[in-house]
Amino acid sequence: MKAIRVHEFGPPEVLKLEEVPDLQPGAGQVVVRMHAVGVNPVETYIRSGIYPKPPTPYTPGADGAGVIEAVGEGVTRVRIGDRVYTAGTLTGAYAEQALCREAQVRRLPERASFAQGAAMFVPYGTAYRSLFQRAHIQPGETLFVHGASGGVGLACVQLARAIGMTIIGTASTEQGRRLVIEQGAHHVLDHRAPGYLEQVLQLTNGRGADVIVEMLANINLGNDLNVLAQGGRVVVVGNRGENNQGTVAINPRAAMQRDAAILGMTLANVTPPEMEKIHAALIAGLENGSLQPVIGQQFALADAAKAHHAVIESTAYGKIVLVP
Ligand code: NAP
């Protein structure tokens, strides 16, 4: 089978398509024939060498969707031929086949495409974790999705809309803003426009947002605190650049005055029982149609390098997917 392999850390061009041996499942494992692979920003950070480095050579990726091709001894939850999405893999998702533990594959409802399945785990898992397990969102509250046009942002919009929140999103392009509204936001702002955060206060009659999901905390976190309601919560999801790039200044008093909470989150910290809840909720959302991942761009597996350029350099319109 073919797989993307990384032999050295560096620019997107280190992603090479190679022929590797077919995979065989061990006990408690399954092999998935991948029909779509999700590309997430974190895979670009790992590839470039700025994150903890996996041993090389390695195949990137956690998200994908396809069909169970082989099952190992003791596997009971899935059978050959089942449609599944992956929530992590043992061998990497950027490939024609992926080896997974049984618990890493989840049923993909018929009404979701494979590309949509590949958009589930990291983006929707992160959105669900942020909203429900960290910020404890409530119907009737106002949510500000600061960076709503990408994979995680649109997932937040759909999840929050389904429970009856009022949603304000942001995107930097006209096309992105249209998409954010189409997917369920009540209002949309341009995060490149001067003074746009004042509109969060105007739209909430001066109260501010109850919950903010922040995609670029190293730039925005200090300003977020000024548009947060009393008792508000900010969830830090995205943070790019270390000390030399846009290190944010926070006025602690802004948090004090509001009894505000700044909540970090990373999907890696989710416990197995919490993960079961996340998947149960996401699969229900796919089944009832409230969750419909938006695929912005598709690339052939061989063009993984182009997809890595796109996820960092282009403006977002939903999810970027590779097709093996
Ligand atoms: P994505 O699809 O590339 O989307 C990036 C989003 O950020 C777009 O909506 C983009 O809007 C927006 N953005 C750009 N500049 C912004 C600014 N100045 N202020 C606010 N938003 C801005 O990426 P993603 O998959 O949604 O992930 C979003 C971030 O969360 C990434 O940094 C990713 O690494 C991180 N993340 C963290 C976790 C975790 O476990 N903590 C999990 C998943 C993702 P425009 O393109 O319209 O400008």
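**View 1. Tyr45 is buried, at 16% relative accessibility.** Buried here means under 20% relative accessible area, exposed means over 50%, and partly exposed is in between (1.4 Å probe, protein chains only). This is a predicted model, where local features need pLDDT of at least 70 and side-chain atom pairs count only at pLDDT 80 or more, while totals for chains, interfaces and linings use all residues. Residues are numbered from 1 along each chain as its sequence is written, and side-chain values use heavy atoms, with hydrogens and water left out. Tyr45 teams up with Tyr51 in a tilted aromatic pair, 5.3 Å centre to centre with 55° between the planes. Rings of Phe, Tyr and Trp (its six-membered ring) pair if their centres lie within 6.5 Å; planes under 30 degrees apart are stacked, over 60 edge-to-face, and the rest tilted. Tyr51 is partly exposed, at 36%.

**View 2. Tyr128 and Phe132 make a stacked aromatic pair.** Their rings sit 4.3 Å centre to centre, with 20° between the planes. Both belong to helix α3 and are four residues apart, so about one helical turn separates them. Helices (H or I, at least four residues) and strands (E, at least two) are DSSP runs, numbered from the N terminus. Tyr128 is buried at 14%, whereas Phe132 is partly exposed at 22%.

**View 3. Helix α3 (residues 120-134) crosses helix α9 (residues 272-288).** The axes come within 10 Å and cross at roughly 110°, so α3 is roughly perpendicular to α9 (that label covers 65 to 115 degrees; under 35 is roughly parallel, over 145 roughly antiparallel, the rest oblique). Axes are lines fitted to C-alpha atoms, for helices over the stretch in contact, and angles run from 0 to 180 degrees between N-to-C directions.

**View 4. Six strands form an open sheet with parallel pairing.** The order is β10-β9-β8-β11-β12-β13; two strands pair if DSSP finds at least two bridges between them. β10 (187-189) and β13 (261-264) are at the edges with a single partner strand each, so one side of each has no neighbour in the sheet. From one strand to the next, the twist averages 20°.

**View 5. Strands β8 (residues 142-146) and β11 (residues 209-214) run as a parallel pair.** Four bridges link them, and His146 has Glu214 in β11 as its bridge partner. Helix α4 (residues 151-162) packs on the sheet, touching β8, β9 (166-170) and β11. The direction of α4 makes about 170° with that of β8.

Terms used:
Contact = heavy atoms within 4.5 Å.
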